[in-house]
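Please open the model in your viewer and keep the sequence beside it. The tour moves from one selection to the next, and each stop says what to select and what is found there.

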Amino acid sequence: MAIRVVVSGAGGRMGRHVLKEVINAADLELVGGVDPAHLGEDLGILAGMSPLGISVQKDLVTTLRASKADVMVDFTTPMVAFDNIVAAVECGVRPVVGTTGMGQAELERIRELCDERDIGCVIAPNFALGAVVMMHLCKIAAPYFPQVEIIELHHDQKIDAPSGTAIKTAEMILSNRSGGSEKDQGQDFVEKVKGVRGGNFGGVQIHSVRLPGLVAHQEVIFGLEGQTVTIRHDSFSRDSFMPGVLLAVRRVGAIKGVMYGLEGLLFAD
Ligand code: NAP
């Protein structure tokens, strides 16, 4: 039986790509879309395809219930994603979430709720398979390099900074690092332009670049006396995220609780 999918943020840049992929997948069925900015528009048209006869709705809970959805895919904004996830879990619908910018307390609450309700959920700050590999390589390099800086580069419409990928990368580096402290990260300098050294996340310096022409890119530079190692990933198009989104949609039914990041699915076998 096909997995029944509702897309939240259906009219957005990511949402439209997800609509198209779900429509094209034989084992998935697109049963609804929610996006207050695109009320009444046909989901097929939004996907750049033939009309599907299903129009964009305003209310998520009504849509999830009426469509008997199995999975909700959310690519919205950090301001609404938490409420959308809670609503889905309370309806017994599994969330697959790409929206970035949610806080740690919100993530913890979602973990508790999914455990209480015994509902699987995937939240991934980056669904591009190459980005997951990039983060994994950074974790491997971390113990050998006490100093590292992250430069994340995104399109100029992105509303949160730093990116969820940069935060997750820093967390993975810190989880596999023995030494390293804020002092290692060059605290003794004169800042002639405020903020010029970026932001400090637990001792890892992060720099956010926002420019038209970019999609989603990240460079992680590890430095040691006389040498550097640079690990870089580039998403040149939003198609790069789609295999990861579909993998999560297909596998979330077998997941217990919240899986944060896609590496648990990619490196599990
Ligand atoms: P976008 O183009 O702004 O799309 C978001 C859409 O959600 C907009 O149409 C927005 O409408 C709509 N929306 C707002 N409130 C809503 C609600 N309550 N219910 C349903 N829809 C609602 O943004 P995007 O570029 O697609 O990115 C979406 C999110 O995904 C961002 O957080 C971005 O950082 C993240 N992202 C993640 C990955 C990943 O791999 N995990 C990759 C790319 C992007 P309005 O325009 O009226 O607000």
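Begin by selecting I151 together with E219, its bridge partner in β9. Strands here are DSSP runs of E with at least two residues, helices are DSSP runs of H or I with at least four residues, and both are numbered from the N terminus; two strands count as paired if DSSP finds at least two bridges between them.

Before going further, note that this is a predicted model, in which local features need pLDDT of at least 70 and side-chain atom pairs count only at pLDDT 80 or more, while totals for chains, interfaces and linings use all residues. Residues are numbered from 1 along each chain as its sequence is written, and side-chain values use heavy atoms, with hydrogens and water left out.

**The mixed sheet**

Now widen the selection to the open sheet of five strands, whose order is β7-β8-β6-β9-β10 and whose pairing is mixed. At its edges stand β7 (199-201) and β10 (227-235), each with a single partner strand, so one side of each has no neighbour in the sheet. Select β6 and β8 next, which pair in the parallel sense over six bridges, and look for I150, which stands opposite I206 in β8. On the other hand, β7 and β8 run antiparallel and are joined by three bridges, with G199 opposite I206 in β8. In the hairpin that β7 and β8 form, two residues lie between the strands, and G202 takes a positive phi near 60°.

**The parallel sheet**

Move on to the open sheet of six strands, ordered β2-β1-β3-β4-β5-β11 and paired in parallel. Its edge strands are β2 (28-34) and β11 (258-260), each of which pairs on one side only. Within this sheet, select strand β3 (residues 71-74) and strand β4 (residues 94-97), which run parallel and are joined by four bridges; V71 has R94 as its bridge partner in β4.

**Two packed helices**

Then select helix α4 (residues 78-90) and helix α5 (residues 104-117), which pack at an angle of about 5° with their axes 10 Å apart. The axes are lines fitted to C-alpha atoms, for helices over the stretch in contact, and angles run from 0 to 180 degrees between N-to-C directions. Angles under 35 degrees count as roughly parallel, and α4 and α5 are therefore roughly parallel to each other. To see where they meet, show F82, I85, V86, V89 and E90 in α4 against E106, R109, I110, L113, C114 and R117 in α5, where contact means heavy atoms within 4.5 Å.

**The ligand**

Finally, select the ligand and the 24 residues around it, of which M14, D35, T100, A124 and F127 come nearest; a residue is counted here if one of its heavy atoms lies within 4 Å of the molecule. Which polar contacts, meaning pairs of N or O atoms within 3.5 Å, can be picked out? A backbone N or O atom of G98 lies 3.1 Å from a nitrogen atom of the ligand, and a backbone N or O atom of P125 lies 3.2 Å from a nitrogen atom of the ligand. In the side chain of K158, an N or O atom is 2.9 Å from an oxygen atom of the ligand.

Conventions:
A polar contact is a pair of N or O atoms within 3.5 Å; within protein, one must be able to donate a hydrogen and the other to accept it, and residues adjacent in sequence count only if both atoms are side-chain atoms. Angles under 35 degrees count as roughly parallel, over 145 as roughly antiparallel, 65 to 115 as roughly perpendicular and the rest as oblique.
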